[in-house]
Amino acid sequence: MKTRINNTLGRLGRLWGYYTPSIRRQSLLTAGITLVCYLITVLSARGGDAIGFYTLATLICICTYYMGPLLFATGRSRALEAQLPATPGERTMFALGYCYVYIPALMAAVWYGSYAIARLTGLIEDDPECAIMQRIFEEAHLSDSSILQIKKLSFVNISQNMLTTSVCLYFSTKARNNAVLMGIVSAVCAMMALGFIGGAAGFIKGMTDATVGNCHNPEEIVESMMQFVARLQYAISALGCVCVVLFTWLLYRQYKYRQI
Amino acid sequence: MVTLDNVSYRYMKQGPSALTDVTLQLEPGIHLLLGENGAGKTTLLHLMAGLLTAREGVCMTAGMDMALRQPAAQSKVFFLPDSLDVPFQTIGSMADLHGRFYPRFDRVLLERNLDRFGLKADTRIKQMSFGTRRKALIAYALALRTEVLLLDEPTNGLDIESKKTLRRMIAESAVEDSTVVVSTHSVHDLESIYDGVVILRKGHVQLASTTARLAGALAFVSHFEPVEGAIYQETEAGIYRAILPGGDDEETAVNFSLLYTAMSTPAAEIIVNLLWKSRDENKDK
């Protein structure tokens, strides 16, 4: 068999080929989970008091995205994977493309594909997510400006999600033993760290407001809190971007200098 | 060809050295790598494959520095560890998806190798026993036809007939420019095929020689009586196996097992001196 592998694109294609059996398995699992989560969302929108289920479905969905890097937790086939003729840069590029492009694209395709099919077959009339969000806003008595603020924040969340994924990617490729477990634990730790930062900031904000007594009615309190959350989200997103770059650099170094 | 120049490696910065000042040159051919447990055999194979990078010194495999991890170099080397899980269902799919990285991979040769072991490319790897999986992976590794092939304990788990088949297959696959390094404790399994031997002891190269030079400098004999003038001899089941200085008589086949045992005794120094002497004589000629 004569093959030409002296170009980056060719080697990236071959890397895809090498991981194909695992990609197939993970794609099926990811698509399945996304589909189930979408069904839960649809049922939640129809049900009266099902916001909890929607939140759970969203969490499962996002965790599925975080776990994309587990493809690279190679375990006992590590020696085989490490010998593949590809540069560290190509390996990094492939891993980033898989985790940040392929997995989100697959999930989005299943999610919005399901939405389109449900709309075309008449199963749903409106976007179930919008219906649930609308209900949350109503229950929380949010003003229009607050809703706008939340919508703006949705794109900011991307960098936070990428942060958790990049942490999982780095640790699952670094670990010599129990690589899958290390990937999961590191992702959970990253999520907890982000949650802790948010919780601590919220606590300080709440205590400050309570002490100073800036706000007098519930709507003002919610409004002020939303603005604070927005500022905090932007700050955390900036931190997320820095961390993603840092972990990508660490990943590259890991591929370049790792000792099997 | 594999060249190591003053290569040292330690797993932890402050830890003990796994390999110290290893200088070697392995010409194309089949080489036997011997050493006690923990001598550094697998570390040496990892360095040759570029899976580890030397803390000091340079390891050149197929003419390229493996520490740089360049695809051009990596596609010329393949290392088969003693225990390996493959992420493929069958050897056939492994050939399709993994073999594409290796320009000289020969699918026909793979089919032939598998056939000689009585295996098929579409058998599921998970359904294979340890020995069968080992045979399938060896058949695959040989079909990659890399310039440098590194085999760690290839005969582990193989039955007697398969070992014979493997011996023939390795001997046939060692084409002009290819270097095969076999690390094993079961010396007898593939004994007749080696072109050279490297003996490692506590991270140092104790002996590195071609089989031809060994056969010229030493004589390996077996007798029912103790052998006089032997550099080293041992007895087993009433048979005396001895190493003698090589003479003008006909060359004897190298007994690697006996040589290895002798190298752990004071006779090692005499053997090394005889090999040096033979090298000098050859140079003079």
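A:Phe72 and A:Phe94 are both buried, where buried means under 20% relative accessible area, exposed over 50% and partly exposed in between, with a 1.4 Å probe and protein chains only.

Before going on, the ground rules. This is a predicted model, in which local features need pLDDT of at least 70, side-chain atom pairs count only at pLDDT 80 or more, and totals for chains, interfaces and linings use all residues. Residues are numbered from 1 along each chain as its sequence is written, chains are lettered from A and ligands numbered from 1 in the order in which they are written, and side-chain values use heavy atoms, with hydrogens and water left out.

Now the rings. Rings of Phe, Tyr and Trp (its six-membered ring) pair if their centres lie within 6.5 Å; planes under 30 degrees apart count as stacked, over 60 as edge-to-face and the rest as tilted. How many aromatic pairs are there over all chains? The count is 18. Take A:Tyr18 and A:Tyr19: their ring centres are 5.2 Å apart and the planes stand at 85°, so this pair is edge-to-face. A:Tyr18 is buried, because its relative accessibility is 2%. A:Tyr19 is buried at 4%.

Back to A:Phe72 and A:Phe94. With centres 6.0 Å apart and planes at 85°, these rings are edge-to-face. The pair links distant parts of the chain, 22 residues apart: A:Phe72 is in the loop between helix H2 (51-66) and helix H3 (78-82) of chain A, and A:Phe94 is in helix H4 (residues 88-120) of chain A. Helices (H or I, at least four residues) and strands (E, at least two) are DSSP runs, numbered from the N terminus.

Last, the cavities. A cavity is a set of points on a 1 Å grid over the protein atoms alone where a 1.4 Å probe fits but cannot get out, and lining residues have an atom within 4 Å of a point. The structure has three cavities of 30 Å³ or more. What is the volume of the largest cavity? About 90 Å³. Its lining includes A:Tyr255, A:Arg258, B:Leu51 and B:Arg69. By class, that lining has six nonpolar, two polar and three charged residues. The second largest cavity has a volume of about 70 Å³, and among its lining residues are B:Arg104, B:Leu142 and B:Val180.

Conventions
1 Å grid on protein atoms, 1.4 Å probe; cavity = no way out; pocket = protein on both sides within 12 Å on 5 of 7 lines; lining within 4 Å. Points joined across faces, edges and corners; volume = space filled by probe spheres on them. Nonpolar A, V, L, I, M, F, W, Y, C, P; charged D, E, K, R; others polar.
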